[in-house]
Amino acid sequence: MRKVAVLACFCLFTSCDWFTSNEEKTQELVNEEMRNINFNEVDRYPLFEDCDEMMDKSGQLDCFQNTLLEHYTETLEDFEFQFVSDINTSIYVDFLVDYKGEISVLEVQRNQDIENQIPEFQSIITQSLKGLPPLSPALKRGVPVSSKFRIPIIVNSN
């Protein structure tokens, strides 16, 4: 009789897990998975048409950055800037590639020397970003996501 009572108590204490619904178990798994996701990193970077999506992440980032820098170089070479004094500085441009692959400029760092000598510089940079070739958005777990980037533009009048 004592064995039956011990067995009944054991079953009573361990049976609570039997009554947990599948929905609660699923929610626990989802919560655990969400804690393990790094939301500061994407699985695939935004890609221009020239970039191969089968490259590894570092290759994708290199292709994205190189295409971006080539575009900026071509755009800025079309302008002949007249400098009153020597300038040697870097300007940082923050922009967003949204989940549709559209680019929007968030901020162009201000520099008083450049603003005094090239007042249209900020608008040239903004127009250049908007004139980029089409690109596909970054992916996180197969879902298109927005991603923010910062690029330096080195202005050297020498």
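Colleague: What makes Arg-110 and Glu-115 a salt bridge?

Modeller: The model is predicted. In it, the closest N and O atoms of Arg-110 and Glu-115 are 3.3 Å apart. The cut-off is within 4 Å, so the pair is called a salt bridge.

Colleague: Why is Arg-110 called exposed?

Modeller: Its relative accessibility is 58%. Exposed means over 50%, so Arg-110 qualifies.

Colleague: And why does Glu-115 count as partly exposed?

Modeller: Glu-115 has 29% relative accessibility. Buried needs under 20% and exposed needs over 50%, so Glu-115 falls in between.

Colleague: How many salt bridges does the structure hold?

Modeller: Four. One of them joins Glu-41 and Lys-57.

Colleague: How do you know that Glu-41 and Lys-57 form a salt bridge?

Modeller: Their closest N and O atoms are 2.9 Å apart. The limit is 4 Å, so the pair passes.

Colleague: What does the pair of Glu-41 and Lys-57 tie together?

Modeller: Glu-41 sits in the loop between α2 and β1, and Lys-57 in helix α3, so the pair links parts that are 16 residues apart in sequence. Glu-41 is partly exposed at 41%. Lys-57 is partly exposed too, at 30%.

Colleague: What makes Arg-150 and Asp-94 a salt bridge?

Modeller: The closest N and O atoms are 2.7 Å apart. That is within 4 Å, so the name applies. Arg-150 lies in strand β7 and Asp-94 in strand β2, so this pair ties together parts that are 56 residues apart in sequence.

Colleague: Is Asp-94 buried or exposed?

Modeller: Buried. Its relative accessible area is 7%, and the cut-off is under 20%, so the label holds.

Colleague: Which residue stands opposite Asp-94 in β3?

Modeller: Glu-107.

Colleague: How do you know that β2 and β3 pair?

Modeller: They share five bridges, in the antiparallel sense. Pairing needs at least two, so β2 and β3 count as paired. Five residues separate the strands in their hairpin, where Gly-101 takes a positive phi near 90°.

Colleague: What makes Glu-77 exposed?

Modeller: Glu-77 lies in helix α3. Its relative accessible area is 60%, against a cut-off of over 50%, so Glu-77 is exposed.

How values were computed: Residues numbered from 1 in each chain as written. Predicted model: local features only at pLDDT ≥ 70, side-chain atom pairs only at ≥ 80, totals over all residues. Heavy atoms only, no water. Salt bridge = Lys/Arg side-chain N within 4 Å of Asp/Glu carboxyl O. Helix = DSSP H or I, 4+ residues; strand = E, 2+ residues; numbered from the N terminus. Buried < 20%, exposed > 50% of the residue type's maximum accessible area, 1.4 Å probe, protein only.
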